[in-house]
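Please read it alongside the structure below.

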Amino acid sequence: MTRSIPVLILGAGLLLSGCGKKGPLIPPEALAPAPVTDLAVAQKNGRFEISWSAPGREEGGGRLRDLAGFLLFKRVVLPPSEDCEECPTAYGPPSRIDLDYLKGVERVDGLFVTGDTGLVKGKTYQYKLRSFNTDGVESKDSNKVRRTAVTAPFPPVLEALPSQSGVVVAFVSIPPEEGTAEGYRLYRAKEGSPMPRTPYRTVSAIANKFEDTEVLIGTNYTYWATSLAKVGTDLVESAPSNPATASMSGRD
């Protein structure tokens with residue numbers, strides 16, 4: 001009987017030596033991406049542009065290192081007496097966006113931007129987004145955004161003329177079918193380059209021309225413009241105008 005005592009003590013010692021101090025258990029949901037909070041929608045011509053930034057943190061606050069993509073949900077908002085956002089069929093199947101294959105998605109100024117052309121004038125659409133990581137764990141829903149499709153304004157007709165101090169860009173436009181004219185967005189690139197995504201200037205609706213003095217002598221610049229209209233509380237942008245190219249004439 002006495003011989004078994006050292007064996008028992010040794011076994012207990014081995015068990016105790018394996019019981020080190022362990023950190024708190026992390027629930028799986030804490031490793032999910034944090035929800036997107038800046039989902040936005042704007043109308044440009046006959047399509048909506050939906051944009052958002054990628055989350056940088058996990059739900060539990062840690063740095064997110066394994067973001068794999070997004071799921072974009074869309075639904076048609078029905079009249080109040082018929083609308084049921086929580087119904088299982090309210091949203092259609094989501095559009096899957098994989099970071100390794102950004103089909104139909106652009107990166108613009110740190111944002112992901114995608115378009116939706118399946119719109120009917122007068123209908124209101126709502127969008128929400130979920131992120132997912134490489135293990136397929138999804139975030140909570142993003143903020144929700146909605147927008148009513150309207151008739152976009154007509155694009156202006158553009159002319160670019162050289163001047164001694166720069167390039168004068170002239171606008172000719174007609175009033176929008178819906179809402180009120182709010183001005184123009186002017187885009188600029190060196191000749192031969194595509195139209196940029198980010199506007200160069202915003203011009204007032206009461207102006208019919210703009211002189212660009214931030215130019216280099218001997219460099220041709222191409223300009224495009226879009227018309228802006230205010231419909232209710234929303235700003236709507238037209239399709240781009242014709243391109244117009246000119247350069248500074250120089251001083252005599």
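## Rings, charges and a sheet

Arg107 lies over the face of Phe112, at 4.1 Å from the ring centre. The model is a predicted one.

Phe112 itself is buried, at 2% relative accessible area.

How many aromatic pairs does a search of the whole structure find? The search gives seven. Two of them are described here. Phe48 and Tyr125 make an edge-to-face pair, with 6.1 Å from centre to centre and 80° between the planes. This pair joins distant parts of the chain. Phe48 belongs to strand S2 (residues 47-52) and Tyr125 to strand S7 (residues 124-133), and the two are 77 residues apart.

Is Phe48 buried or exposed? Its relative accessibility is 0%, so Phe48 counts as buried. Tyr125 is buried too, with a relative accessible area of 3%.

Trp52 and Phe112 form the other pair described here. Why is this pair stacked? The ring centres of Trp52 and Phe112 are 5.8 Å apart and the planes meet at 15°, so the pair counts as stacked; the cut-off for stacking is under 30 degrees. Trp52 is buried, at 0% relative accessible area.

| Residue | Relative accessible area | Class |
|---|---|---|
| Phe48 | 0% | buried |
| Trp52 | 0% | buried |
| Phe112 | 2% | buried |
| Tyr125 | 3% | buried |

Ring pairs also build a cluster. Its members are Phe48, Tyr125 and Tyr127.

Next comes the sheet. Three strands form an open, antiparallel sheet in the order S9-S10-S13. Strand S9 (157-162) and strand S13 (209-212) stand at the edges. Each of these two has a single partner strand, so one side of each lacks a neighbour in the sheet. From one strand to the next, the twist averages 20°.

Which strand pairs with S9 over six bridges? That partner is strand S10 (residues 167-172), and the pairing is antiparallel. Within this part of the model, Glu159 stands opposite Ala170 in S10. In general, strands of a sheet pair through backbone hydrogen bonds, either parallel or antiparallel.

Note on methods: Residues numbered from 1 in each chain as written. Predicted model: local features only at pLDDT ≥ 70, side-chain atom pairs only at ≥ 80, totals over all residues. Heavy atoms only, no water. Pairing = 2+ DSSP bridges. Helix = DSSP H or I, 4+ residues; strand = E, 2+ residues; numbered from the N terminus. Axes fitted to C-alpha atoms, helices over the stretch in contact; angles between N-to-C directions. Phe/Tyr/Trp six-rings, centres within 6.5 Å; stacked < 30°, edge-to-face > 60°. Buried < 20%, exposed > 50% of the residue type's maximum accessible area, 1.4 Å probe, protein only. Lys NZ or Arg CZ within 6 Å of the ring centre and 35° of its normal.
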